Structure formats: C-alpha cells, structure tokens
Amino acid sequence: MDGIPPLVDQHSHGAVHGELGLGEFETHLAKAQGATGPAPPGTTFFDSRAGLAVRRWCPPLLGLEPHCAPVRYLARRRELGAYRAGLLLLRGAGIGTFLLEQGAPGALTSPAELARAAEGRAHEVVRLEPLAAQVADTSGGTDAFLSYTAEALYAAAGSAAAFASGATACAGGPPCAAEVRQAAGRWLRTRGTGAAPADPVLVRHLLWSAVATGLPVQLHCPDPRRLTGFLSATAGRGTDLVLLPGPGHRRQAARLAAVFPHVYADVGARPEEALREAPFGKLLFSTGARALAELYVVAARLFVRAMEHLVRDWVADGWCRAAEAGRIASLVAAGTARRVYRLEAAAG
C-alpha cells in the first residue's frame, strides 16, 4: 500500500459548525450508526464499534493518547476550539478530495469551507429532490415549475461534480410529457412548503433529466435491485451511475456494477464484500460522513486498513505482486472516482 494517493471521498455531507457537548456528540455518533434515539440509561454510544474507532484514531490528532476517556477527548476538543479541532481532524484523515452533498445552507460546512479546513479540494453534489422543492417554493403553476426546474438543473450542471437522488425504485425509460405534467400538477396541489417530490413519475422525470446532462448520478438506494430497470434503460446513454446502497446491500450493488458498464458501486469504508463481486475499477470509497469531523477520520482509517489486509493476503497467496496490489488499492481509493467524476478536469 506504499504510495497510495490521498483518498477521494465520493460521498459525504460536511461537518457541524461550533462546539459540541457530550450529548450532542453522542447524538451525531448514534445517527452515524443508524440509531433513531438516545442510548438507554447507563449506556453510551461510545461503547460501539464506531465509538471505539473514534477513541482509537482521533485523540492522537488532537495531541492525546489513543483510547482516552470520552470526556477527556471532548474537553480537549473544546480546549482547542471547534474550528482548530476540525482542521486537525480533517487534515489528518488522509483525504485529498471530497464530493459533498449539501443539506440546508449553513447547517454543515459548505464545499469551500471543507476544502479550506482539510487543505484539499471539494466538489458539490446536487440532490435532485431538494432542488425541485426549492423551485416549487418560488414558481407558479405546473408549466412554470417544469420550465424553471429544467433551468435550475442545467445551471447546477455547470458547476456540480454530480447529481444525486434518493429514488428507492425506478423502472424503464423517461415518462412522456403528459405524464410528467399530470404528476407535477398533482404534487404542486398537495405539497407543503419545502416538501420534496415523492411521486414516482416526477422522480423518474428528474432522474432522466439529470442523465441528459451527462454528469454522473449517485443513487441512494436501500436495495439497488429495485433500480435494475432504470440501470438497463440508461445503458449506452453516456452517463455513469453510482450506487450507494443501504446496509447489507453492498454485494448486490457490486454485482450490478459488474453487469452494467456504466454502473459503479460505493464500498464505504469496508471493501471486502464488494471486491469479490465486481471488477476493481468499478468500486469507489466513501466516508458517508455527516456532522462529525471524526467520522471522516474513522472511515478513512478503516478503509485503508481493510485494503492493506486484503492486498497483503493476495500477495501472500500469490494472486498478484505487491506493485499490482498497490495499483488495485489506488483504484478503489481514488483513481476510479477521479475518472468517473472527471476530477482532474474540474481541478484544471
């Protein structure tokens, strides 16, 4: 693994501004593990794999010994100040480039803020559903909404690295104009302010509109098999699709990436299963980090260690030579993301 380039984190959301107390920190740590509520009385989310990883990898970046007590770690965080602590963590994560999907403005670091803090590069990923909701909040009738949405989407394509969608299922080709107009009218009549579109026809229209721009499209899909029809219909269109599957579905995503030339799969911080199912050049690393700068550090460390163990075993078993193992690790860590998202061209 010597010579592996700085990682490209192809999916994250940024870090929080300001200081965090123990309760707030644990809340964000719990959300990162999929928990929907606080820890039971007498327990803590630091007693979890993610909690242990934070205590192992993050304290040394702030000048503390590994595995120090959570209260000591958070006290050091406050002592340094949120901004300084964030800089030290992000710059110590080993990530050189971030693809950032933003939520509400100001809630988390913007791409520019994250890039400055990490001394790296950051590119924006535009989520389709919130984009449509913003247009609907300010547009008039159906025709204006559809026209302004198209304008907003193509304007975003001028600066974004990719689009993203939370569509859980999508089948077949683009809907006809009459279907789209009817679906948009129904949604505009019933939606509340800020509500994102959920109508399957309208979501399919947004997806195909994004495909038409030629930018890569990230698909947040709990079960990627439900998108198989869409993956098949978009083949040969010149647009790459990247599957970001839910827990337990990374193997299925990798299998789909192996089948369709234009489809890629996110491996998160644990590449083991996916590497058995797809060509190495179809897989990409991400942290999925949100709110805590520590989550960038943890995911990067876990990924690098997992890749080290895997390729070391491959070399020991005679599957490949050390130089080849390093090239494969670099593909998943950064090379494929740079190619899919055209990051060198964006930097230029």
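Analyst: The structure holds zero disulfides, a disulfide being a pair of cysteine sulfur atoms within 2.5 Å. Cys 58, for one, is in no disulfide, and the nearest cysteine sulfur, that of Cys 68, sits 9.8 Å away. A word on the ground rules: this is a predicted model, where local features need pLDDT of at least 70, side-chain atom pairs count only at pLDDT 80 or more, and totals for chains, interfaces and linings use all residues. Residues are numbered from 1 along each chain as its sequence is written, and side-chain values use heavy atoms, with hydrogens and water left out.

Cys 58 is buried, at a relative accessible area of 0%; buried means under 20%, exposed over 50%, and partly exposed in between, with a 1.4 Å probe and protein chains only. Cys 320 counts as buried too, at 15%.

Now for the close look, at strand E8 (263-268). Strands (E, at least two residues) and helices (H or I, at least four) are DSSP runs numbered from the N terminus. Six of the six residues of E8 are buried, so the strand is largely enclosed by the rest of the structure. In a regular strand, side chains alternate between the two faces of the sheet. Here, Val 263, Ala 265 and Val 267 point one way, while Tyr 264, Asp 266 and Gly 268 point the other.

E8 has partners, and strands pair if DSSP finds at least two bridges between them. E7 and E8 run parallel, joined by three bridges, and Val 242 stands opposite Tyr 264. The chain gets from E7 to E8 through helix H11 (residues 250-259), a right-handed β-α-β crossover: with the strands pointing away from the viewer, the path from the first strand over the helix to the second runs clockwise. Strand E9 (residues 283-285) also runs parallel to E8, again with three bridges, and there Gly 268 faces Phe 285.

A pocket is an open set of points on a 1 Å grid over the protein atoms alone where a 1.4 Å probe fits, with protein on both sides within 12 Å along at least five of seven lines; lining residues have an atom within 4 Å of a point. H13 gives the largest share of the lining, four residues. Among the 40 lining residues, those closest to the pocket centre are Ala 32, Pro 247, Arg 250, Thr 287 and Gly 288.
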